[in-house]
Amino acid sequence: MDLEPLNIENEVMEFAIASGEEDNGLDLEHNDEYEGYNGEMAENSSSAARDSLVLNGDPNLEPSERMEFDSEQAARIFYNSYARRIGFSTRVSVYQRSRRDGSIICRQIVCSREGFRREGVENRSKRQRTVTRVGCKAQMTVKKQNSGKWAVTKLVKEHNHELVPPDKVHCLRSHRHVSGPARSLIDTLQAAGMGPSGVMSVLIKESGGINNVGFTKVDCQNYMSSSRQRTLGSGGQHIFDYLKRMQEDDPGFFCAVQGDSENPTGNIFWADANSRMNYQFFGDTVTFDTAYRTNRYRVPFAPFTGWNHHGQPVLFGCALLLNESESSFVWLFQTWLAAMSGHHPISITTDQDRIIRAAVAQVFPGTRHRFCKWNVLREAHEKLFHVNQSHLTFESEFQRCINLTETIDEFESCWESLLQKYNLMDNEWLQSMYNVRQQWVPVYLRDTFFGEMSITQGSDSINSFFDGYINASTSIQVLIKQYEKATASRYEKEVKADYDTINTAPVLKTPSPMEKQAANLYTRIIFTQFQEELVETLANPATIIDDGGSEALYRVAKFGEDHKAHFIKFNVFERKASCSCQMFEFSGIICRHILAVFRVTNVLTLPSHYILKRWTRNSKSGVIVDEHTLGLPGSSQESLTARYENLRREAIKYVEEGAASAHIYNVAMDALHEAAKKVYAAKEQVSGITPNTLVKECQLQSDSVELDKKIEELTADLENASQRCAAYRATLLSVLKDMEEAKLRITVKVHNTRLNLKG
């Protein structure tokens, strides 16, 4: 619905209640909340924060009228970033709502020294507070356009007070924030008995100076004070009621509480039956989303997610993190792994916090651990702020070095030249990130499956299942309601994508039988990705450069881009190829370069080893693990453990209800005696089966298994024979072609000789 143009007569002007808080500028001793500046400036979503990192590729862009942003939040974060560079603090001021739907359509962001202190309550306080409001007029007003963008409609840059120098800007309220990694370190040091002064000393040393810490000692002290009292509060009962209800309703529901459920000291984890089953199909790559730490969520909510067969986010479980020490993360990962039947993923993506890093290494030793690249770039923006301020081109070159280098040698060369150009050889943060480059730079991660369509795009933003449902303002009281809304919405989207895949035929762009095969195999979105690669083979010819018999080497380059060639090793007999771009290894979708080689070698259909089942429309067919391992309802042939557990659970309920009174007890005992008779009769009926019958049944089952095994072996032999025949056919066609060419050359020579003799 389009909003009406801003019209004071049609709209209601409101004042932000939260903006009345006084800003203390450089008053380091003021007893602020640990969160620092006005909560209105908290980043509500990772996407908004990402928009603010680099606007139009220039981190030092000046605000101007008619400048556009994707959201109000992006505008606020951009202006605050600009304020940090210039040397002032910001806060939100008046806003305007639409009378149609009540949404905010205009927002004013001002210098924190705007206006004057109001007379009244403030003057009656016991402690005289420093006067910080001096009537500064600096501000930026943004208004929502019909297009959905937010445009700057008014901008005042001039201040009526001195600006803060760069070495003290970290003291300003809107630039003070106890980040997620800092919280983890503070929790660990506090648990070891260290006080605020000692903790602050460690933080200053770790950050390379007090300017880089990002908050003051008072913020640290307040955070430590609040963390001692941090519990789920009154909203905790909502969580425990939900967990109890789900355990009763869902036999496959798994939950665990670190400590006592009455007084939890650590983390809470849960996963429903659907999440656990989804992991069996799509658990090859996992994201542990701790966006609440960087976006300052009110609730420490962290989901485990992945990608389903449509490339949509899928949930593998959720956690509430009341403690961020290493031992708590180890407990959480071990608990999650137990809920997922002990099956380790191929890869896991988290933020680069060293405590999470240590916990992952301990619990997932064989899993490839990747850091979220967006988190790394966000931290780079903070740690290299002084470099960005001095060199306008540094950030764009830095990101180009990370995202656009295609080989390890190219990255290493680019990194070294970048450090030398900007004299950053001794920068400790850059050196620390270089030491772990294998865990976040895309070129080092191509050999591992992460389920993303693009290598360079990979991990630009952490996979968030709850975008639009849970954000910085979500309270513990409404968390479960939003959680259920998100899971229901995601399920509906998956059902819709399944329906589209089954009931709508894609438009084929080539006469290739391989394209038709892929259209019938893949889900719609994955087929679209494959089709794009297949069509691109027309502009990427393959040239053989080394024919080594069973294995040949091909070179593939796009027309006009010979300097960006890729090399493919192709085994003719096995029909297996490996490309230097490693797209198949990373995303599970075959690349245009291998498809170009298939084109020139007459491989007309996709070999089975290039069809990843997790991307197909039948990805959920078949049983990957025993359903009873997950506690899920299955067929009548249930395992002894599952039958025992179900009976035990029902018996406990029966005992609790049956002992309520003497009368109910007598009724319950009579019912038990009747049940015992029926059970005995059933046992007698079962015992009537003779041993010979059982032997015959076992023999038949054994014969059936042997027959299935033999069929599988013959099918495999047939597939290999077909592959060899196809290879021999390709070789024979090549030989026949050579013979025809040789015959033509001989015919020409004979004709020329006859002409010479006649002459």
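The structure is a predicted model, in which local features need pLDDT of at least 70 and side-chain atom pairs count only at pLDDT 80 or more, while totals for chains, interfaces and linings use all residues. Residues are numbered from 1 along each chain as its sequence is written, and side-chain values use heavy atoms, with hydrogens and water left out.

Trp 270 belongs to the largest nonpolar core, which has 55 residues, and together with Phe 301, Phe 333 and Trp 336 it touches the most other members. A nonpolar core is a set of buried Ala, Val, Leu, Ile, Met, Phe, Trp, Tyr and Cys residues joined through side-chain atoms within 4.5 Å, and buried means under 20% relative accessible area, with exposed meaning over 50% and partly exposed lying in between (1.4 Å probe, protein chains only). Helix H9, residues 326-339, supplies the largest share of this core, 8 residues. Apart from this core lies another one of 32 residues, including Phe 449, Ile 568, Ile 590 and Ala 596.

## An enclosed helix

Helix H7 covers residues 273-282, and because 9 of its 10 residues are buried, this helix is largely enclosed by the rest of the structure. Helices (H or I, at least four residues) and strands (E, at least two) are DSSP runs, numbered from the N terminus. The buried residues of H7 are Ala 273, Ser 275, Arg 276, Met 277, Asn 278, Tyr 279, Gln 280, Phe 281 and Phe 282.

## Two buried polar residues

Asn 267 lies in strand E8, residues 263-271, and is buried, with a relative accessible area of 0%. A polar atom of its side chain lies 3.2 Å from the backbone nitrogen of Leu 322, and the side chain of Asn 267 also reaches the backbone oxygen of Ser 328 at 3.1 Å. Such a polar contact is a pair of N or O atoms within 3.5 Å; within protein, one must be able to donate a hydrogen and the other to accept it, and residues adjacent in sequence count only if both atoms are side-chain atoms. Not counting residues up to four places away in sequence, Asn 267 touches several others, among them Ala 256, Gln 258, Leu 320, Phe 329 and Trp 331.

Thr 501 is found in helix H16, residues 476-503, and counts as buried at 3% relative accessibility. Its side chain reaches the backbone oxygen of Ala 497 at 3.0 Å, and, with neighbours within four places in sequence left aside, Thr 501 is in contact with His 310, Tyr 522, Thr 523, Arg 524 and Arg 617.

## Salt bridges

Side chains of opposite charge can pair when their charged atoms come close. A search of the whole structure finds 17 salt bridges, a salt bridge being a side-chain nitrogen of Lys or Arg within 4 Å of a carboxyl oxygen of Asp or Glu. In one of them Lys 149 pairs with Asp 70, with the closest N and O atoms 2.5 Å apart. This pair links distant parts of the chain, 79 residues apart, since Lys 149 sits in the loop between strand E5 (139-144) and strand E6 (150-156) and Asp 70 in the loop between strand E2 (68-69) and helix H2 (72-86). Lys 149 is partly exposed, with a relative accessible area of 31%, and Asp 70 is also partly exposed, at 44%.

Arg 91 forms a salt bridge with Glu 114, the closest N and O atoms being 2.7 Å apart; Arg 91 counts as buried at 5% relative accessibility, whereas Glu 114 is partly exposed at 24%. Another salt bridge joins Arg 245 and Glu 484, with 3.3 Å between the closest N and O atoms, and this pair links helix H6 (residues 236-249) to helix H16 across 239 residues. Glu 72, Arg 76 and Arg 107 are linked in a network of salt bridges.

Note on methods
Contact means heavy atoms within 4.5 Å.
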